[in-house]
Amino acid sequence: MRAWVVDRPGPVASGPLRRVDRDLPEPGPAQVRVRVSVCGVCRTDLHLAEGDLPPRRPAMTPGHEVVGRVEAVGSAVTRFTLGDRVGVAWLAGTDGSCRFCRRGAENLCVAPRFTGWDIDGGYADACLVDESFAYPLPDDRADEEAAPLLCAGIIGYRALRLAAVPPGGVLGIYGFGGSAHLTAQVALAQGLRVHVLTRGARNRELAASLGAASVGGPADAPPEPLDGAVLFAPAGELVPVALRALDRGATLAVAGIWLSAIPPLDYDAELFQERRLRSVTANTRADGEEFLRLAVRLGVRATTHAYPMADAPAALADLAAGRFDGAAVLHN
Ligand SMILES: [Zn+2]
Ligand SMILES: [Zn+2]
């Protein structure tokens with residue numbers, strides 16, 4: 001099969017990805033092999049390609065928003081059969097036994113495995129997934145539309161929950177890419193007022209068309225104090241900006257796995273009055289299942305841009321340069 005691998009991590013213009021031929025992987029007892037139909041492009045793939053996130057294994061295939069059909073099953077598989085449509089997401093495995101797994105916080109597992117970082121992902125013809133970490137997918141979504149739900153959607157949803165905006169309250173969203181445009185739809189459908197602060201004319205237009213109450217630049221002050229905010233842009237310099245926009249007692253959740261350096265914070269202007277700053281680390285399977293149900297019920301729709309799998313480097317370059325709104329999806 002053909003697979004993209006991160007060959008030499010570096011700026012996307014230097015060509016960090018290489019396409020190779022590999023044997024089809026054989027599923028272990030509890031694994032299924034998925035014939036990849038599409039794979040969404042997540043900013044984490046860019047961080048891995050560019051080396052912001054250190055490689056955990058050489059020549060890893062990125063991609064953790066995989067939609068495809070089960071084409072081979074291990075001897076102990078019970079949840080899926082050949083031909084089932086499944087989604088493969090970021091969380092690929094946990095130890096199931098550490099203190100965090102035991103208390104239901106498997107996103108904090110001390111020995112997690114991630115798709116496209118620890119095990120090969122979906123920028124390929126096929127990939128493996130442990131059956132207990134694969135998601136059955138709602139029938140009402142085409143493959144291309146379902147893919148961005150699997151990371152952008154799930155992580156954004158967890159970030160929204162951690163931002164803890166009270167019912168009917170005001171949410172600020174900093175940065176408006178693949179994850180934010182899905183999260184905004186959940187927040188709006190749940191009755192929050194949403195202010196979006198982002199660069200890029202296309203992103204601002206998308207935010208306005210989805211129903212944001214206001215759309216401004218990243219450094220602008222929103223028109224009213226925020227009851228909670230999510231920082232999607234991987235820009236540490238926006239942390240103090242967003243904290244200053246919070247009302248008393250409100251939370252800023254940082255959704256990304258990677259953030260540039262945060263400047264020194266001013267305790268009085270940015271943290272006092274019980275403002276909170278917290279990170280969002282991966283997700284539990286329960287988050288994923290809950291979000292996929294909600295996405296159907298609330299009519300969350302991904303704005304997508306299709307690329308052939310052969311153009312994976314171009315999709316990453318376009319993401320890096322902010323050349324599309326919504327999310328890119330690679331097609332086999
Ligand atoms: Zn664990
Ligand atoms: Zn992701």
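Colleague: How many aromatic pairs does the structure hold?

Modeller: The model is predicted: local features need pLDDT of at least 70, side-chain atom pairs count only at pLDDT 80 or more, and totals for chains, interfaces and linings use all residues. Residues are numbered from 1 along each chain as its sequence is written, chains are lettered from A and ligands numbered from 1 in the order in which they are written, and side-chain values use heavy atoms, with hydrogens and water left out. Rings of Phe, Tyr and Trp (its six-membered ring) pair if their centres lie within 6.5 Å; planes under 30 degrees apart count as stacked, over 60 as edge-to-face and the rest as tilted. The number of aromatic pairs is 6.

Colleague: How do the rings of Trp90 and Phe114 pair, and how many residues apart are they?

Modeller: The centres of the Trp90 and Phe114 rings are 4.7 Å apart and the planes lie at 15°, so this pair is stacked. Trp90 is in the loop between β5 (85–88) and β6, and Phe114 is in strand β7, which makes it a link between distant parts of the chain. Helices (H or I, at least four residues) and strands (E, at least two) are DSSP runs, numbered from the N terminus.

Colleague: Is Trp90 buried or exposed, and which residues does its ring cluster hold?

Modeller: Trp90 has a relative accessible area of 4% and is therefore buried; the term means under 20% relative accessible area, with exposed over 50% and partly exposed in between (1.4 Å probe, protein chains only). Phe114, at 7%, is buried as well. The cluster linked by ring pairs consists of Trp90, Phe114 and Trp117.

Colleague: What is the geometry of the site of the zinc ion (ligand 1)?

Modeller: Asp95 (OD), Cys98 (SG), Cys101 (SG) and Cys109 (SG) coordinate the zinc ion (ligand 1) at 2.0 to 2.3 Å. Donors are N, O and S atoms within 2.8 Å of the metal (3.2 Å for Na, K and Ca), and sites may look incomplete because water is not among the atoms. Four donors count as tetrahedral if all angles lie between 85 and 135 degrees. Here the angles among the 4 donor atoms are 95 to 119°, and the site of the zinc ion (ligand 1) is tetrahedral.

Colleague: How are the donor residues of the zinc ion (ligand 1) spaced, and how far apart in sequence are the parts that Cys98 and Cys109 tie together?

Modeller: The spacing of the donor residues is D-x2-C-x2-C-x7-C. Cys98 sits in the loop between β6 (91–93) and α2 (99–102), and Cys109 in the loop between α2 and β7 (113–114), so the parts tied together by this pair are separated in sequence by 11 residues.

Colleague: Which residues coordinate the zinc ion (ligand 2)?

Modeller: Along the chain, the donors of the zinc ion (ligand 2) follow the spacing C-x21-H-x86-C. His64, in the loop between α1 (43–50) and β4 (66–73), and Cys151, in the loop between α3 (143–146) and α4 (152–163), are 87 residues apart and link distant parts of the chain. His64 is buried at 1% relative accessible area, as is Cys151 at 7%. At 2.0 to 2.2 Å, the coordinating residues are Cys42 (SG), His64 (NE2) and Cys151 (SG).

Colleague: Which residues does Thr44 touch?

Modeller: Thr44 is placed in helix α1 and is buried at 10% relative accessibility. Contact means heavy atoms within 4.5 Å. Not counting residues up to four places away in sequence, Thr44 touches Leu53, His64, Trp90 and Ile257.

Colleague: Within what arc do the buried residues of α10 fall?

Modeller: In helix α10 (residues 312–321) the buried residues are Ala312, Ala315, Leu316, Asp318 and Leu319. They line one face of the helix, because seen down its axis (the arc is that of the directions from the axis to the C-beta atoms) they fall within 160°.

Technical notes: Four donors count as tetrahedral if all angles lie between 85 and 135 degrees; four count as square planar and six as octahedral if opposite donors are over 155 degrees apart and all others between 65 and 115; anything else is irregular.
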